[in-house]
Amino acid sequence: MMLGVLLAIPLVGAVLLWRAAGRVATALHALTAGLTLTAALAVSVEVNRGEPVAALDGFLRADVLSAWMIALIGIVGALAASEAPRYLAHTAPARFYSLFHLFVFTMLVAVSTDDVGLMWVAVEGTTLASVFLVNFEHTRASLEASYKYLLICSVGIAIAFLGTVLVYFAGIQQFNDEAHALRWTTLMRLAPGLAPRVIELAFVFLVVGYGTKAGLAPMHTWLPDAHSEAPPPVSALMSGVLLSVGVYAILRFKPAVDVAAGPGFARSILLALGLLSVAVAAAFLWTSSNYKRMLAYSSVEHIGLVCLGLGFGGALGTAGALLHIANHALAKSIVFLLSGRIRTAYGSAEIAAVGGLMRRMPRTGAPFLAAMLALIGLPPFGLFVSEVMILAAGFTQGFPLVVAFGGLLRGTHTILYGTPPREPAAEISGWGPAFPVAAALLLLLLTGLAWPPGLAGALDRIVAIVAP
Amino acid sequence: MTTTSNLLAFLGLVVTLLIVWRQSWPARLRLFGAQSLLLAVLASTIGMLAQRRGLLLVAAVFVVVKGWVIPRVLARIGAGAPVRSIAPGRSSGISLLVAGGLVVVAYVIMLPVTAAAELPTEGAIPLAFAIALIGLYLCVTGRDALGHILGFLVFENGIFGLAILATYGLPGIVEAGVFLDVLVIVLIMEAVVVQVRREHDSIDVDRLKELRG
């Protein structure tokens, strides 16, 4: 019931906002975002208190892993939504709000269904809902970015469909009820009997397909363009949660693959792609001259780290990866939102043009610095804890190599942000917009310093599902 | 059923190779329409022989979406584009060679699936996968937006064929999602291509190169 309400809110909001304009649109947008956040948190709490919730004959189903993602989408969605009116003050808001909530809706459906077929439809839906948002500014560059995004992600998702078909093929050999053979709960039950070679092949397709959406190298090429050209609230959503939805889709299949094909298979693929992503991102982080592109490559790096954590597996690696997804979502959405304000003030997205941020725009500069430090992986922020968890999981299995990459990245970030050139800024933003940013930073501090009650329990319960 | 499915899938592959070979856009578009019809016939044949009513419906929707609506949209996109987008002097010999190689690759990759399958249609599964691979190749090497879209659609057709042959049709919601999906992608592509043409006076995606690094 609650799950249905959660999905209905952004959908109804999107429909109503399609024709709304002016103040009505802004108010309706705020209401939709607020209600979505409330419902998302309510579902998460309900699931973590008891059993998974389901609706429509189990078609919609949220377990603790779904709840984790639902809460994240709710929180990042609200953060991004809070920035949207400020962004739209400089452009025409036509249909932006509607597509925004449609985008949130597709992501919520992807993580709260038991049917991996519907999950595929929803993940594809995220591309279709967001492609016009990427091209919202109608510049040459944003047009090119949206074309690349649509083409690469459509091909990627079609490959994931091939993987889904093969999973279904393996499933119906064991199980005659076609309507339920694509259910995740069924797959988990059937996993020991699924044809191992077919499942391996399917998993390769699934990882390549959903990995495209997640921004894993070498399928990441759409990501820096789309992230840097999209409006800031959309960049925050894409980087903060859309990539994680791709990871979530892979994560859903991993336990079944581990059982059907043995644990080594998924692990080696995830480790290879994770390492490659971190390495590629490190190389491009050195060379980016546009700060939004740099942030996009930083997303590739962090998704690579998440993938490494999932590859290392075990309780530590998996919990670290999940925590890292959450921390990255918070930190990255803060910097993307702030980068939008910086771009408005300076009129440029070049790193060289926006120096002296701390002096000119201290209310933007200080949280920007804090979130960047968090993204680099320094304490006291949550990303430090989750990175240490992932790296420790690697160490216990004899993978000290990763630390070298981590060190390299930290160096990169420091160089890029150590000595900003000084050029005058245009304006300083007020106190009003500070609240959502401060709230997100506070959450990051909490996951870094003192875990709120229930967080460790929630992670334990997810690990029990994903890495039993 | 084995003979029919093998024959239809093989014809589908031949049409795919013809798409690789031909360079004139209207001809490739007609070939794509023919391929879609072949796959619809394949779906309805399997639907009748294996007593799957649902597949008949799927075949009907497939004919409408991929045999009629999408070719029309593509024709609209292509109107005004030069008939041959490829630079003169470029032969399709190499492409055909690659496509032939991909057929072999498809057989190798699909070995685990054909080994696990106990279906009368299993022999045609690698053929469908070969169509998908060649479509992917066309998409990746496409010189303009039309080439990309066509490659993507052939890729989709191959996967559809594979799904029909290996599973006799997916659950309804997934099939519906796939159709909706392809349709929306093509419509969005049209919107994007129209805008590219307005901005750049051409649909040659080589001109889209502002975003690098």
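Helices (H or I, at least four residues) and strands (E, at least two) are DSSP runs, numbered from the N terminus. The structure is a predicted model, in which local features need pLDDT of at least 70 and side-chain atom pairs count only at pLDDT 80 or more, while totals for chains, interfaces and linings use all residues. Residues are numbered from 1 along each chain as its sequence is written, and chains are lettered from A and ligands numbered from 1 in the order in which they are written.

**Gly161(B) in helix H7 of chain B.** Gly161(B) counts as buried because it has 28 C-beta neighbours inside 10 Å (buried: 20 or more other C-beta atoms within 10 Å of its own; exposed: 12 or fewer; partly exposed: in between; C-beta atoms placed from the backbone). Apart from neighbours within four places in sequence, Gly161(B) is in contact with Ala9(B), Gly12(B), Leu39(B), Leu42(B), Ala128(B) and Ile131(B), a contact being two C-beta atoms, placed from the backbone, within 7 Å. The C-alpha atom of Gly161(B) is separated by 9.1 Å from that of Ala124(B), 37 residues apart along the chain.

**Helix H6 of chain B.** Of the 17 residues of H6(B), 14 are buried, and the helix is mostly covered. At 1.5 Å a residue these 17 residues should span 24 Å, which agrees with the 25 Å between the end C-alpha atoms of H6(B); the expected span is 1.5 Å times one less than the number of residues.

**The contact between chain B and chain A.** Chain B supplies 32 residues and chain A supplies 37 residues. On the side of chain B that touches chain A, two or more residues come from each of helix H5 (111-116), helix H6 (125-141), helix H7 (145-167) and helix H8 (172-200) of chain B, with H8(B) giving the most, 12 residues. This side of chain B divides into 23 nonpolar, five polar and four charged residues.

**Helices H5 and H10 of chain A.** The axes of H5(A) (residues 116-134) and H10(A) (residues 232-261) come within 12 Å and cross at roughly 160 degrees; the two helices are therefore roughly antiparallel to each other, a class that takes angles over 145 degrees. Residues making the contact include Val116(A), Met119(A) and Val123(A) of H5(A), together with Val234(A), Met238(A) and Leu242(A) of H10(A). By class, the contact has 10 nonpolar, two polar and one charged residues.

**Chain A, with 19 helices and two strands.** Of the 468 residues of chain A, 62% count as buried. Among the contacts in chain A with a separation of 6 or more, 78% are between residues 24 or more positions apart.

Definitions and conventions: Ala, Val, Leu, Ile, Met, Phe, Trp, Tyr, Cys and Pro count as nonpolar, Asp, Glu, Lys and Arg as charged, and the others, Gly among them, as polar. Axes are lines fitted to C-alpha atoms, for helices over the stretch in contact, and angles run from 0 to 180 degrees between N-to-C directions. Angles under 35 degrees count as roughly parallel, over 145 as roughly antiparallel, 65 to 115 as roughly perpendicular and the rest as oblique.
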